[in-house]
Amino acid sequence: MTQVVYVLNGPNLNLLGLREPEIYGHDTLDDIAGMLEDRAQSLGLEIDMRQSNHEGHLIDWLHEAQAQGARAVLINAGAYTHTSVALHDAIKAVQLPVIEVHLSNPHKREEFRHRSYVGMAAMGTVAGFGANSYIVALEAVARL
Ligand code: CA2
């Protein structure tokens, strides 16, 4: 059976490609899902891509990924990255490889983006490569 990789996206990422392209690029979340599906197919993996503006949904989906026996989780938690102890705890609670993903490089930006509660719990982080951050993270999962 094909192994499923959950790809979770947090607040405002539904606006991707529509606003602030100078920071986040021109690709929409659907474009990224398409790229990930293509790459996943060639790696023998399957993608389950989701987005929510609600913190609790992201936590429920982490629990679901564990319950469903997912291969791994890629998570771009958006601004919750920098605020959410609840997400930090959920990532620690699930016994799955969780990879933090960012389009931009938060360390090159405002100081409030330098602390990541997600990154403190995740297996690793890929940031700063635009949509390619997701692809590189998926490739890392395939090599685990
Ligand atoms: O670089 C990333 O992927 C971020 O996770 C994006 C978050 C930001 O708060 C993090 O510090 C870094 C923001 C996502 C909001 O996405 C938008 C997309 C288009 C227009 C406005 C916001």
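Start by selecting the shell around the ligand: its residues split into 7 nonpolar, 6 polar and 3 charged. Here Ala, Val, Leu, Ile, Met, Phe, Trp, Tyr, Cys and Pro count as nonpolar, Asp, Glu, Lys and Arg as charged, and the others, Gly among them, as polar.

Before you click on, remember that this is a predicted model, where local features need pLDDT of at least 70, side-chain atom pairs count only at pLDDT 80 or more, and totals for chains, interfaces and linings use all residues. Residues are numbered from 1 along each chain as its sequence is written, and side-chain values use heavy atoms, with hydrogens and water left out.

Now pick out Asn-76, His-82, His-102, Leu-103 and Ser-104, which come nearest of the 16 residues around the ligand. (A residue is near a molecule if one of its heavy atoms lies within 4 Å of it.)

Next, look for polar contacts, meaning pairs of N or O atoms within 3.5 Å:

- His-102: an N or O atom in its side chain is 2.8 Å from a ligand oxygen.
- Leu-103: here a backbone N or O atom lies 2.8 Å from an oxygen of the ligand.
- Arg-113: a side-chain N or O atom is 2.9 Å from a ligand oxygen.

How much of the ligand does the protein bury? Taken alone, the ligand exposes 510 Å², and the protein buries 94% of that (areas by the Shrake-Rupley method with a 1.4 Å probe).

Last stop: select Glu-139, found in helix H5, residues 132-143 (helices are DSSP runs, H or I, of at least four residues).

Notes: A polar contact is a pair of N or O atoms within 3.5 Å; within protein, one must be able to donate a hydrogen and the other to accept it, and residues adjacent in sequence count only if both atoms are side-chain atoms. Helices (H or I, at least four residues) and strands (E, at least two) are DSSP runs, numbered from the N terminus.
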